[in-house]
Structure formats: C-alpha cells, structure tokens
Amino acid sequence: MTQIIVNDSEGIESALRRFKRKVSKAGIFPDMKKNRHFETPEQKRKRKEVARHRQNKRNFRK
C-alpha cells in the first residue's frame, strides 16, 4: 500500500504529484490495468509470449 504524509505547509497539488510518483514507481497502474478486464486464454498466451520475447532480447544483448 502506497501512502504519503502531507505536511501542513504543503499544497494539495504537490502532495498529489508525490503520491502519483510513488504509485507509478511501485508498479500499481500496470497491475490495475491487467486485472481490469477478463483475459481470454488466447490473449494470455499471446501476452506471455511477447513478454518472453522481450526477456530473451534483453538476455541476448548482455
């Protein structure tokens, strides 16, 4: 769970900006998008294949 402590002199805009930055660094948005809709087995297989391909490309470059 991501949380921030808002100081008395801090504006809501800067607190919201800090919160959004923490959430994006924690990787919560991609997880929410992944679980938002039902994924058919074919879509799941295709997504995993693309991820495997990306991982192989990264490992090959090293």
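This report walks through a predicted model of one chain, from confidence to individual residues.

**Confidence**

The mean pLDDT of the chain is 88. Of its residues, 98% reach 70 or more. Helix α1 has the highest mean pLDDT, at 92. Helix α2, residues 28-36, has the lowest, at 80.

**The segment before α1**

Start ahead of the helix that spans 12-26. Thr2 sits in the segment before α1. Is Thr2 buried or exposed? Thr2 has a relative accessible area of 18%. That value is under 20%, so Thr2 counts as buried. Which residues does Thr2 touch, leaving aside those up to four places away in sequence? They are Phe19, Lys22, Val23, Ala26 and Ile28.

Glu10 also has its place in the segment before α1. Its relative accessible area is 19%. Glu10 is therefore buried, since the cut-off is under 20%. Residues up to four places away in sequence aside, Glu10 touches Ile5, Ala15 and Arg18. With Arg18 there is a further link: the two side chains make a polar contact at 2.9 Å.

**Salt bridges**

How many salt bridges does the structure hold? There are two. In general, side chains of opposite charge can pair when their charged atoms come close.

Arg18 is partly exposed, with a relative accessible area of 30%.

Another salt bridge joins the side chains of Arg47 and Glu39. Here the N to O distance is 2.9 Å. Arg47 is partly exposed, with a relative accessible area of 35%. Glu39 is partly exposed too, at 27%.

**A nonpolar surface patch**

Which residues make the nonpolar surface patch? Ile28, Phe29 and Met32 do. The patch covers about 250 Å².

Phe29 lies in helix α2. Its relative accessible area is 39%, and Phe29 is partly exposed. Not counting residues up to four places away in sequence, Phe29 touches Val23 and Ser24. Met32 also has its place in helix α2. Met32 is partly exposed, with a relative accessible area of 41%. Ile28, a member of the patch, is one of the residues that Thr2 touches. The helix behind this part of the picture, α2, is the element with the lowest mean pLDDT.

**Ser24 in helix α1**

Ser24 is placed in helix α1. It is partly exposed, with a relative accessible area of 45%. What lies 2.9 Å from a polar atom of the side chain of Ser24? The backbone oxygen of Arg21 does. Ser24 is also one of the residues touched by Phe29.

**Ala51 in helix α3**

Helix α3 covers residues 41-61. Ala51 has its place there. Ala51 is partly exposed, with a relative accessible area of 42%.

**Distances along the chain and in space**

Two C-alpha pairs give a sense of scale. Ser24 and Glu42 are 18 residues apart in sequence. In space they are 28 Å apart. Ala51 and Lys34 are 17 residues apart along the chain. Their C-alpha atoms are separated by 14 Å.

**Accessibility at a glance**

The table gathers some of the residues described above.

| Residue | Relative accessible area | State |
|---|---|---|
| Thr2 | 18% | buried |
| Arg18 | 30% | partly exposed |
| Ser24 | 45% | partly exposed |
| Phe29 | 39% | partly exposed |
| Met32 | 41% | partly exposed |
| Glu39 | 27% | partly exposed |
| Arg47 | 35% | partly exposed |
| Ala51 | 42% | partly exposed |

How values were computed. Residues numbered from 1 in each chain as written. Heavy atoms only, no water. Helix = DSSP H or I, 4+ residues; strand = E, 2+ residues; numbered from the N terminus. Buried < 20%, exposed > 50% of the residue type's maximum accessible area, 1.4 Å probe, protein only. Contact = heavy atoms within 4.5 Å. Salt bridge = Lys/Arg side-chain N within 4 Å of Asp/Glu carboxyl O. Polar contact = N/O pair within 3.5 Å; in protein donor to acceptor, adjacent residues only side chain to side chain. pLDDT = per-residue confidence, 0-100. Patch = residues over 30% accessible without salt bridge, like charges linked within 9 Å, V, L, I, M, F, W, Y side chains within 5 Å. Areas by Shrake-Rupley, 256 points an atom, 1.4 Å probe, with all protein chains shown as cover.
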